[in-house]
Amino acid sequence: MFTQRISTTRRIGSLTASLAIAALALTACAGSDAGTTPSAGESGGSAKTDATITFIPKQLNNPYTDVVLGGGKEGATAAGFATANVVGPLEASASSQVSFINAETQAGTNAIVIAANDPDAVCSALGEARTAGAKIVAFDSDTNPECRDVFISQVVAKDVALIQTKLISEQIGGKGEIAILSATANATNQNEWIKFMEEELASNPDYKDIKLVAKVYGDDDDAKSFQEAQGLMQAHPNLKGIISPTTVGIASTARYLSTSEYKGKVALTGLGLPNEMRSFVKDGTVTEFALWDPAQLGEVAAYAAKALVDGTITGATGDKFTAGALGERTVEDGGLVIVGPPTVFNKDNIDEYDF
Amino acid sequence: MSAPAIGTLNNSPKQGGKSASAWLKLRELPVTVALVVLVVVTAVINPLFLSPQGMKDLLLNATIMMLLAAGQTMVIVTRNIDLSVGSILGLVAFGTGSIFAANPNMPIVLVVLIGMVFGAVLGSLNGLLTVWAKVPSLVITLGTLYVFRGLNNAWAGPKQHFAGDRPQAFGNLSVNTVLGMPIITLVAVIVVIILAIFMIGSRPGRDLYAIGSDPEAAKLFGINVSRRVFTAFLINGALAGLAGVLYASRFNAVGATTGSGLELDVVAAAVVGGVAIFGGSGTVIGATIGAILLNTITSSLTALRVDKFWQQAIVGVLIITAILIDRLASLRHAKNLREKEGRNV
C-alpha cells in the first residue's frame, strides 16, 4: 500500500502542473453552477486550490474498487483537488481502515472518501478527522450517518435489490427455490439489498412461487465463494437459481457452474463486472446480470468532497452540486446522493462495456 | 536407507525398526477414521454428497491443499516450517495467468514446469536464508510471507486474470476426469506418492527425519544438515508452485490476494494428519489425509446445512485432539522404552 501511495502521489503531482489551469476553470464553473444553493455565498472565488483528498476503499487491489477509484481520481483532478491519494488495507476486515484514517487526520487531509468495511468500527476515527477539519464522504458502503457528511450511493438500494429479484424471476420462470451468495456476513450494502430482496419476495404476488432457501457468505474470496456455491448445490438439490450481489461471488459461482453438471440448469444473476463475466455470458452460464458504472460513483464522490471542502454544500437535505459532466446531484434525506440507475448486461450489450 | 544407523543416532524414542511402524499407524489412524466416519455420516444424511459431481468437488477442493500439506510435511519434519507457501502459490498463480494472457498458445506442460521452477526459486530463498542466517525458519518465512505477498501486490496491482483468458484445455484439467478423478487431483496424488516413497524409502528422505529428531546428532553423524534442509524448502517451494498453476486451472480469478491465509490451513492439515510440529515424525500420506479431512469438513457441513461458522471451531478441536493424541502416544512410548531399558540393565 505504501508503494501505491507514492506512485499515486507522483503521478498526480506530475499531472497537477498541466491540469492546474483546467482544474481551476472547472472549479469556477462548478462554483457558479452551485450558486443557486443557499450556502453558496462563499463559493466560486473562495474555492480551495490546495485541497487534498484521500480515498480509502474497502480493500486495495480489488478490481471493482479500482474502477471506482479510477473515476474518483479523475473526478478529484477535474473537481480541483491539488492531490488525490488512495490508501487502504489489503484485506477487507472491520477494523483494518482505522489506522489509515488516523494517518490522514495527522496529515491534515481536507477530504476523506471512504467505503466502510463496518459502519461502526470506523466511526470514532472519522470523528477525530472531522474535529481536525476534514470533510467525510462515504461511498459504496455507508458508515453510520452521524459519522460522515454525505453518502454517495451507486443507485437507490431498493432498485439494486429489485432488479436482481426481477432478473432471477425471469430466468427461473417465476417459480422454484433460490439462494443468495453474498460477500461477508456483515457487509453493509449487501445486507441492505438482501433485506429489500426478502421483503420483495415476500410481498410481491409475482414472486409467490419463489422460495429463498439459503443465504451463504463467500467473504469476497474466490476460493471460499467457489466452495459455498458448491455447497449450495449439494444442500439444495432443487435449487433453480442463485443471486450473488457481489462481483467476486458471482464470478466464482459462474466459474463453478460452468465447470460442473449444473451449467445451464441453475440460473445465476446478481451484480458483476462485465470484463469478469464476459466469458460466462458467452458460454451460456449466465444470461443477464446488473451493475452501475462504478467509475461514476468515484467521480460523484470526488465532486461532492470538493463541494463540501469549498463550503458550497454542507450535506444538508436539498443541497445541490454539479458533478462535472454527469450533471447536477441533489443531497437527499439522510445525506444521500444517488449516482444513477443500474444497467443490465447480457450477451447483446456486454461488449460495449470495458470495466 | 539404513534404519539401524538412524536408530542409533536418535536419542528421541520416535524412531527405529518395528516400534516406528506401530507409531506411524497410530498417528495416521485417527485422521483416517475421522475422514471415513465423516464421509459415511454425511452421505447417509445427504446422498448427493457422494454423487459423481459431489465426489468430484470433494477431490477438487482437496487437491491444492494436498500438495501444500505434503510439501509442508517435508519441511516440518526437519524441525522447520514454511509460512510463505500461500504467498508463493499466489505469485505463481498470478504468473500463470500472466503467461497465458501474453501467450495463450504456450504448451501447458511448459507452463507447469515454469511454475514449479518459479516456486522452487522462491522456496530455495527460504532455504538459503534459514540455513545461512541460522535464524529460525518461523521468522524467515514469516518475513518472506510478506515479501512475496508484497511483490505480488506490486506486480499484480488491481489486475486480475480470469479463467476466460486462459486456454480451454488448461481449465479442462480441473473438469475432465480420468479413472473418476479430475486430472489435477490425479497429478497431486502421483506427486504425493512419489514424495511419500522418497521420504520413507530413500536415504535423503530418512535424513530429514534424523535432522528433525536431533539436529546436533544428525550433524555429528555426518549428515549434511544444511543441504538437506535447503532441499526440503526447495521441494516444498516447487510443490507450492505446482499448486499455484493448478489453482489457476481450477479457479476463476488470480490476482494480488490469491492464496493469502492458506499457510495456516496447510500447517493445520499437517498437524491434524499426525505430523509433529517439532519435527522428527509424521508422514506425507498422513498430512495429505489431514488436508482431505479439513476440506471435507467444510463440504460436509455445507451439505448438511450446518452453519459454516461452526466449521472453524471444529477444525480447532481437531487440531487440539491431534496434538493430545500425539502427546499421549509419546508418553506411552517413552514409558515402554524406559521399561525396556530397565530390563536391559
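What follows is a short tour, topic by topic. Keep in mind that this is a predicted model.

**Chain B overall**

- Chain B has 14 helices and four strands.
- Its C-alpha atoms fill a box of roughly 70 × 50 × 35 Å along the principal axes.
- For 345 residues, a compact globule would come out with a radius of gyration near 20 Å, and chain B has 21 Å, so the two agree.
- Buried residues account for 52% of the 345 residues in chain B.
- Take the contacts in chain B between residues at least 6 apart in sequence: 80% of them join residues at least 24 apart.

**Where chain B meets chain A**

- The contact draws 29 residues from chain B and 24 residues from chain A.

**The domains of chain A**

- The domain assignment gives chain A a domain 1 (2-154 + 293-340) and a domain 2 (157-291).
- Where these domains of chain A touch, domain 1 provides 10 residues and domain 2 provides nine residues.
- The domain 1 side of that contact in chain A has five nonpolar, two polar and three charged residues.

**Helix H8 of chain A**

- Helix H8 of chain A runs over residues 247-258, which makes 12 residues.
- From first C-alpha to last, H8(A) reaches 16 Å, close to the 16 Å expected at 1.5 Å a residue.
- How many residues of H8(A) are buried? The count is 12 of its 12 residues.
- Those buried residues of H8(A) include A:Arg255, A:Tyr256 and A:Leu257.

**Helix H6 of chain A**

- Helix H6 of chain A covers residues 188-203, with 16 residues in it.
- H6(A) reaches 23 Å from its first C-alpha to its last, close to the 22 Å expected at 1.5 Å a residue.
- Which residues of H6(A) are buried? They are A:Thr188, A:Asn189, A:Gln190, A:Trp193 and A:Met197.
- A handy rule: an α-helix has 3.6 residues a turn, so residues three or four places apart point the same way.
- The buried residues of H6(A) pack against helix H5 (157-171), strand E6 (176-182) and strand E8 (239-244) of chain A.

Methods:
Residues numbered from 1 in each chain as written. Chains lettered and ligands numbered in written order. Predicted model: local features only at pLDDT ≥ 70, side-chain atom pairs only at ≥ 80, totals over all residues. Helix = DSSP H or I, 4+ residues; strand = E, 2+ residues; numbered from the N terminus. Expected span 1.5 Å × (residues − 1). Buried ≥ 20, exposed ≤ 12 C-beta atoms within 10 Å, placed from the backbone. Domains from an automatic or database assignment. Contact = placed C-beta atoms within 7 Å. Nonpolar A, V, L, I, M, F, W, Y, C, P; charged D, E, K, R; others polar. Rg over C-alpha atoms; globule rule 2.2 N^0.38 Å.
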